[in-house]
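Hi,

Here is the structure I promised to pass on to you. Have it open while you read, and I'll walk you through the pockets and then the aromatic rings.

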Amino acid sequence: MERIFKGRAGRIAAYLTLGFILTAVSLPAYARDAVFTGEDYDIKLSYNDTAFPGDAVFVRMRFLQANKRSKVTKEQLSSTTATLELYSGDKMLDKSSFYILGDGTNKNTLTMLTGIPLSSWWKDDGRYSLKVSYNLYGTTSMEFTLPFGIKNKEFVSETIPLDESNTSIKTDTSPRRMAQIERLNGILGTVNAKSVYQTSPFAPPTAATRRTSFFADRRVYTYTNGKSSTSLHYGIDYGVPTGSPVTSCAAGKVVLAEDRISTGLSVVIEHLPGLYSLYYHMSEMKVKEGESVKAGDLIGLSGATGLATGPHLHWEMRLNMSAVSPDFFTGDFTFESNN
């Protein structure tokens, strides 16, 4: 398959060759490479062309000027901006801006990355696609479309009866709890293009393997007053005893470490622009806000604080505010091995 677009001077300058042989990796399930070859620059692009609901789609794009007839300065190359858009038919579902990977820029290359979260409610309807728009050198706008698909997945449904204490927490509308929710949302909604701490695969925050709840479980909470509510479970629960070590899943910066009404002793770590990991219900915190951490650093001890029916660790990942399956990030989701 070949696709043509216009080059910097407005002429036909390059072709897109898209490989249809899928290369398996651990997670995401498939990686696809695309190569643009032109007179003035090449683009090497890697992305996962399929995903499950609740996963994400990540695109890594590298501009190369080596051995080209026309070259620009490093500053001009770094002024390139790009946006990724996800479509269902003609309807745009979501979009995200690319950010520059700090070690991917020199006088001849520019490496960019971005990701879009996928709702756990979406189904395979065969109509999804991705559009990459970029403003080359900050002066010339171009775009191209990539195929993309979502595979169906079944999620667990469960009913959880709450005792009087947990009913009180779940139904709490106090100013303190509302302020905590507002603060957390403000943090998760922050996208700092310079916050690139780790692009290699993440690791689970505990050595335990027993999961008591799964990502995107459909939950019905029943209260002691006879009422109920429904919600999604945004993370993975590990059944571990109180006091078990909790470690950072990746390098990053601690942006929240506090005792919250609903989630107890909680830690939030920023890893990439708009990408955060969350750790809830701990019995003790070992880090403070503003600290830098490496993958595997001790950040707390598991417990049952906040709304919890027993000792466990809740691990959650948020991308552009949306909850994404933590398992997605334990694979080569940024395609480091492809570059």
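Let's begin with the second largest pocket, which has a volume of about 250 Å³. Keep in mind throughout that this is a predicted model. The second largest pocket is lined by 14 residues, and those closest to its centre are Tyr 99, Ile 100, Leu 101, Ala 193 and Lys 194. If you want to find the place by its elements, look for strand 8 (81–88) and strand 10 (99–100), which each give two or more residues to the lining. Sorted by class, that lining has eight nonpolar residues, five polar ones and one charged one.

Now for the largest pocket, which holds about 800 Å³ of space. Its lining is made of 32 residues, with Lys 170, Tyr 221, Thr 263, Tyr 280 and His 314 lying nearest the centre. Several elements give two or more residues to this lining, among them strand 17 (218–222), strand 23 (275–282) and strand 27 (313–319). Which element gives the most to the lining of the largest pocket? That would be helix 3, with five residues. You'll find helix 3 at 175–188. As for the classes, the lining of the largest pocket has eleven nonpolar, 13 polar and eight charged residues.

On to the rings. To describe a pair of aromatic rings, you give the distance of the centres and the angle of the planes. Searching the whole structure turns up 13 aromatic pairs. One of them is the pair of Phe 58 and Phe 333, with 5.1 Å from centre to centre and 80 degrees between the planes. Pairs with planes over 60 degrees apart count as edge-to-face, and this pair is edge-to-face. What I like here is how the pair links distant parts of the chain: Phe 58 belongs to strand 7 (residues 56–64), while Phe 333 is in the segment after strand 28 (322–324), 275 residues apart. Are these two buried or exposed? Both Phe 58 and Phe 333 are buried.

There is also a ring cluster to look up: Phe 36, Tyr 41, Phe 63, Tyr 134 and Phe 144 are linked by ring pairs.

Last, have a look at Phe 52, where two lysines come in. Lys 151 has its charged end over the ring of Phe 52, 4.5 Å from the centre. Lys 153 also lies over the face of Phe 52, at 5.9 Å from the ring centre.

Happy browsing, and write back with any questions!

How values were computed:
Residues are numbered from 1 along each chain as its sequence is written. This is a predicted model: local features need pLDDT of at least 70, side-chain atom pairs count only at pLDDT 80 or more; totals for chains, interfaces and linings use all residues. Side-chain values use heavy atoms; hydrogens and water are left out. Rings of Phe, Tyr and Trp (its six-membered ring) pair if their centres lie within 6.5 Å; planes under 30 degrees apart count as stacked, over 60 as edge-to-face and the rest as tilted. Helices (H or I, at least four residues) and strands (E, at least two) are DSSP runs, numbered from the N terminus. Buried means under 20% relative accessible area, exposed over 50%, partly exposed in between (1.4 Å probe, protein chains only). A charge sits over a ring if NZ of Lys or CZ of Arg is within 6 Å of the ring centre and within 35 degrees of the ring normal. On a 1 Å grid over the protein atoms alone, a cavity is a set of points where a 1.4 Å probe fits but cannot get out, and a pocket is an open set with protein on both sides within 12 Å along at least five of seven lines; lining residues have an atom within 4 Å of a point. Grid points are joined across faces, edges and corners, and a volume is the space filled by probe spheres set on the points. Ala, Val, Leu, Ile, Met, Phe, Trp, Tyr, Cys and Pro count as nonpolar, Asp, Glu, Lys and Arg as charged, and the others, Gly among them, as polar.
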